[in-house]
Amino acid sequence: MRIGLDFDNTIVCYDQAITKLTEELFELPVEVPRTKLGLRDHLRAAGREPEWTAFQGELYGPGMRYAEPFEGAIVTMQQLVAEGHELVIVSHRSRKPYAGLPHDLHAAAKGWVVERLQSYGLFNGEGSVVNFLETREEKVACISELSCLAFLDDLPEVLQAPGFPAQTIGILFNPSVEGADTPGCHLIAAWPELLELIEVLPALTR
């Protein structure tokens with residue numbers, strides 16, 4: 001089957017990138033966690049919201065050099081390809097940051113795919129194998145156009161968006177396994193679980 005995959009916070013884990021980039025760009029009190037929420041809350045409490053917005057542009061631009069695939073993602077994707085499945089990336093992110101330096105965020109993401117995924121034999125095909133769109137609506141339309149039979153995403157609002165194709169099985173990736181299940185979607189907390197789910201999906205959809 002053709003399996004669609006989200007990119008940010010689904011394939012790509014930014015935990016390490018946030019920690020390293022935070023240390024590079026800010027002098028924070030020791031008690032502030034070097035995490036996304038820790039930095040965001042600290043800057044907002046100090047009335048420095050524009051710096052938080054600019055930080056995200058750095059993170060999804062040059063800061064991607066520190067980002068890593070989620071644990072098990074590479075091996076799982078390689079196994080899916082070996083079993084004959086077709087993988088496509090469909091992601092939405094703005095092309096330019098909303099604040100800060102005007103990095104090309106699409107180019108940064110594509111460069112990461114070349115360096116960190118194609119080097120493992122993944123997403124080397126031509127055509128619509130890797131798709132970066134600017135809006136959620138464009139992303140959902142692309143999922144439909146590609147006729148993905150399953151789609152993995154960390155955002156419930158994508159899987160429940162108006163226009164999300166009825167024939168596509170939504171799979172929510174939630175490593176923290178916190179919060180309520182998303183109605184109509186399957187839930188996985190780790191990449192290896194995707195292999196097991198893909199095996200049984202045909203039976204579940206009959």
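Which residues form a negative surface patch? They are Glu83, Glu193, Glu196 and Glu199. Patch members have over 30% relative accessible area and no salt bridge, with like charges joined within 9 Å and nonpolar side chains (Val, Leu, Ile, Met, Phe, Trp, Tyr) within 5 Å. Asp and Glu count as negative, Lys and Arg as positive; His and the chain ends are not counted. Each charge is placed at NZ of Lys, CZ of Arg, CG of Asp or CD of Glu. Areas come from the Shrake-Rupley method with a 1.4 Å probe, and for residues only the protein chains shown count as cover.

This is a predicted model, in which local features need pLDDT of at least 70, side-chain atom pairs count only at pLDDT 80 or more, and totals for chains, interfaces and linings use all residues. Residues are numbered from 1 along each chain as its sequence is written, and side-chain values use heavy atoms, leaving out hydrogens and water.

Glu83 sits in the loop between α4 (73–82) and β4 (86–92). Helices (H or I, at least four residues) and strands (E, at least two) are DSSP runs, numbered from the N terminus. Glu83 has 38% relative accessibility and counts as partly exposed. Buried means under 20% relative accessible area, exposed over 50%, and partly exposed in between (1.4 Å probe, protein chains only).

Next, the salt bridges. The whole structure holds 11 of them. The criterion is a side-chain nitrogen of Lys or Arg within 4 Å of a carboxyl oxygen of Asp or Glu. Glu86 and Arg2 form one, at 3.1 Å from N to O. This pair links distant parts of the chain: Glu86 lies in strand β4 and Arg2 in strand β1, 84 residues apart. Glu86 is partly exposed at 37%. Arg2 is partly exposed at 27%.

Arg116 bridges to Glu68, with the closest N and O atoms 2.6 Å apart. Here too, distant parts of the chain are linked: Arg116 is in helix α5, Glu68 in strand β3 (residues 68–69), 48 residues apart. Glu68 is partly exposed, with a relative accessible area of 30%.

Asp104 pairs with Arg95, and their closest N and O atoms are 4.0 Å apart. Both ends are partly exposed: Asp104 at 30%, Arg95 at 34%. Elsewhere, salt bridges that share partners join Asp6, Lys139 and Asp153 into one network.

Now the interior. Helix α3 (residues 49–59) has Trp52, Ala54, Phe55, Gly57, Glu58 and Leu59 as its buried residues. They pack against α1 (15–25), α2 (36–45) and α5 (105–117). Contact means heavy atoms within 4.5 Å.

Phe70 is in the loop between β3 and α4. Phe70 is buried, with a relative accessible area of 18%. Its contacts, not counting residues up to four places away in sequence, are Asn9, Thr10, Ile11, Val12, Cys13, Phe173, Pro175 and Trp191. Gly163 is 93 residues from Phe70 in sequence, and their C-alpha atoms are 28 Å apart.

Asn9 belongs to the loop between β1 (2–5) and β2 (12–13). Its relative accessible area is 26%, so Asn9 is partly exposed. Ser147 also has a positive phi, near 55°, and is likewise a residue other than glycine. Ser147 lies in the loop between α6 (136–145) and β6 (150–153). At 43% relative accessibility, Ser147 is partly exposed.
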